[in-house]
Amino acid sequence: MLRGISACKHGVSFKAIGERISEHVNKYGYSIDPFIGHGVGTIFHSEPIIWHTYDYEPGFMVAGQTFTIGKPLPWPSSSR
């Protein structure tokens with residue numbers, strides 16, 4: 001999730017989010033099920049669709065835009 005967030009800035013392709021997440025988890029032998037974030041506006045689940053894996057969707061981030069990036073892998077349990 002934090003790798004995806006680090007890709008965010010004005011003018012960057014939304015694809016960069018999924019690329020950063022995928023590159024990081026792949027180097028540790030993990031894969032990600034198709035998982036998405038979404039825009040947050042007057043309609044909560046709206047455009048843009050934020051893929052957490054490699055994707056080919058067009059679109060670029062703009063300053064002030066609000067969207068979600070979730071945790072595509074489970075966090076370790078704190079009860080262990």
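User: Where does Phe35 lie?

Analyst: Phe35 sits in the loop between H2 and strand E1 (36-39). Helices are DSSP runs of H or I with at least four residues, strands are runs of E with at least two, and both are numbered from the N terminus. This is a predicted model, where local features need pLDDT of at least 70, side-chain atom pairs count only at pLDDT 80 or more, and totals for chains, interfaces and linings use all residues. Residues are numbered from 1 along each chain as its sequence is written, and side-chain values use heavy atoms, with hydrogens and water left out.

User: Why is Phe35 called partly exposed?

Analyst: Its relative accessibility is 33%. Buried means under 20% relative accessible area, exposed means over 50%, and partly exposed is in between (1.4 Å probe, protein chains only). Phe35 therefore counts as partly exposed.

User: How far apart are the C-alpha atoms of Phe35 and His52?

Analyst: They are separated by 5.7 Å, with the residues 17 apart along the chain.

User: How do you know that E1 and E2 pair?

Analyst: Pairing needs at least two DSSP bridges between two strands. E1 and strand E2 (residues 46-51) have 4, in the antiparallel sense. Ile36, for example, has Trp51 as its bridge partner in E2. The two strands form a hairpin, with 6 residues between them.

User: Which residues does the cis peptide bond join?

Analyst: Glu47 and Pro48, with omega at about 5°. Pro48 belongs to strand E2. Most peptide bonds are trans.

User: Why is Thr53 called buried?

Analyst: Its relative accessibility is 16%, so Thr53 counts as buried. Thr53 is placed in the segment after E2. Leaving out residues up to four places away in sequence, Thr53 touches Gly18, Ser22, Ile32 and Asp33. Contact means heavy atoms within 4.5 Å.

User: And what makes Ser13 buried?

Analyst: Ser13 has a relative accessible area of 18%, so it falls in the buried class. This serine is found in the loop between H1 and H2. Beyond its neighbours within four places in sequence, Ser13 contacts Gly59, Phe60 and Met61.

User: What makes a set of residues a nonpolar core, and which residues form the largest one?

Analyst: The members must be buried Ala, Val, Leu, Ile, Met, Phe, Trp, Tyr or Cys, joined through side-chain atoms within 4.5 Å. The largest such core has 12 residues: Ala7, Val12, Phe14, Ala16, Ile17, Ile21, Val25, Ile32, Ile50, Met61, Phe67 and Ile69. Helix H2 (residues 15-26) gives the most, with 4 residues. Apart from neighbours within four places in sequence, Ile69 contacts Met1, Gly4, Ile5, Cys8, Ile17, Ile21, Ile50 and His52.

User: Why is Met1 called partly exposed?

Analyst: Met1 has a relative accessible area of 32%, so it is partly exposed. Met1 lies in the segment before helix H1 (2-6).

User: Which residues form the nonpolar surface patch?

Analyst: Met1, Leu2 and Ile5, with about 280 Å² of accessible area together. Nonpolar side chains (Val, Leu, Ile, Met, Phe, Trp, Tyr) are joined within 5 Å, like charges within 9 Å. Areas come from the Shrake-Rupley method with a 1.4 Å probe; for residues, only the protein chains shown count as cover.

User: How many helices and strands does the chain have?

Analyst: The chain has 2 helices and 2 strands. They run α-α-β-β from the N terminus. Of the 80 residues, 31% are buried.

Terms used
Patch = residues over 30% accessible without salt bridge, like charges linked within 9 Å, V, L, I, M, F, W, Y side chains within 5 Å. Salt bridge = Lys/Arg side-chain N within 4 Å of Asp/Glu carboxyl O.
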